[in-house]
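Hi everyone, thanks for coming.

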Amino acid sequence: MSKSVYINGELLPEENAKISVFDHGLLYGDGVFEGIRVYGGNVFLLNEHVERLFESANAIRLTIPLNREQVSEAVRETVQANGISDGYVRLVVTRGSGSLGLDIHRTGDPQLIVIADTIMLYPAEFYENGLELITASTVRNHPQALSPRVKSLNYLNNILAKIEGTDTGAIEALMLNHKGEVAECTGDNIFIVKRGVLRTPPPDAGILEGITRNAVMKLAVEAGVVVEEMTMTRHDIFIADECFLTGTAAEVIPVVSLDGRTIGNGRPGPVTRDLLQRFQALTRSAN
Ligand code: PMP
């Protein structure tokens, strides 16, 4: 069955869902987006995603043509129209079409697009056995060049790092910031557990503040685990007891080695497994 795609107030069959080749989203990566999960027909943490979308848009001086409630409604409507019970939503806002050239004043029709689809999950074996990470040589965008806190349509920085991972058979790759500190992975945030304390790099390490990251930090606090945002280097990961990644698609996924160094005992650890269970309980309950 053909999917229905939402573009600026209309639900169109996918073959008719088109935007201009002059859209600056295509020409320059000028726009913002969100990736959101649907569990049991509920759009998970929709308000948080819509809020981050507006923050990203504001940071690049892009005016979204709808208000927050209207954007949320567009997402719910598209999910319903496609009969998605468990799936994935891609919410995109482009700068709109205009003449060639970088000037935002030559564009005038931002496109708000919602695609609701099924989801490709990481293979189950990674949740059972953990994944092996490598560090990419591609440095995460300098926060004063293009802040990683903006979820922009320009993902080349992450794509270049991801290529380094897939070239070596790793499904994710760790990215360091311009100071050589741990930032995040190409599409996931990173956590370690050391002597029972949960640690993750702070926003100013140059990361996207993941919605899953925030949800997992909250779950950890509720479970009585001490949580710290801490600047860290690769060494902190090598000597960690446990390590895991968080992301909308990945949820909580254990990491058992980095650059060939075994982390902890080389198996997904107890804190990781507990947080994965708590996260699954949260997503599978009504939200
Ligand atoms: N970092 C980057 C670079 C990402 O693209 C993403 C989302 N794909 C994340 C972290 C995780 O964020 P979230 O939990 O909001 O999906």
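The centres of domain 1 and domain 2, taken over C-alpha atoms, are 26 Å apart. Domain 1 covers 4-117 and domain 2 covers 124-285; these bounds come from an automatic or database domain assignment. Please keep in mind that this is a predicted model, where local features need pLDDT of at least 70, side-chain atom pairs count only at pLDDT 80 or more, and totals for chains, interfaces and linings use all residues. Residues are numbered from 1 along each chain as its sequence is written, and side-chain values use heavy atoms, with hydrogens and water left out.

Now, the interface. About 1600 Å² is buried between domain 1 and domain 2, and carbon and sulfur atoms give 68% of that. Buried area here is the accessible area (1.4 Å probe) that two parts lose on being put together, summed over both. On the domain 1 side, Phe33, Tyr39 and Arg52 lose the most area to domain 2, together 37% of what that side buries.

What crosses the interface? The rule finds one salt bridge between domain 1 and domain 2, that is, a side-chain nitrogen of Lys or Arg within 4 Å of a carboxyl oxygen of Asp or Glu. Arg37 forms a salt bridge with Glu251, with the closest N and O atoms 3.6 Å apart.

A search of the whole structure finds 14 salt bridges. Arg37 sits in strand β3 and Glu251 in strand β14 (residues 251-258), so this pair ties together parts 214 residues apart in sequence. Strands are DSSP runs of E, at least two residues, and helices are runs of H or I, at least four, numbered from the N terminus. Are these two partners buried or exposed? Arg37 counts as buried at 6% relative accessibility, and Glu251 does too, at 5%. For reference, buried means under 20% relative accessible area, exposed over 50%, and partly exposed in between (1.4 Å probe, protein chains only). Arg37 and Glu251 are also linked with Arg284 in a network of salt bridges.

Let's turn to the helices. Glu51 and Arg68 meet in a salt bridge at 2.9 Å, N to O. Glu51 lies in helix α2 and Arg68 in helix α3 (residues 68-81), so the pair ties together parts 17 residues apart in sequence. Glu51 is partly exposed, at 33%, and Arg68 is partly exposed, at 40%.

That's the tour, and I'm happy to go back to the picture.
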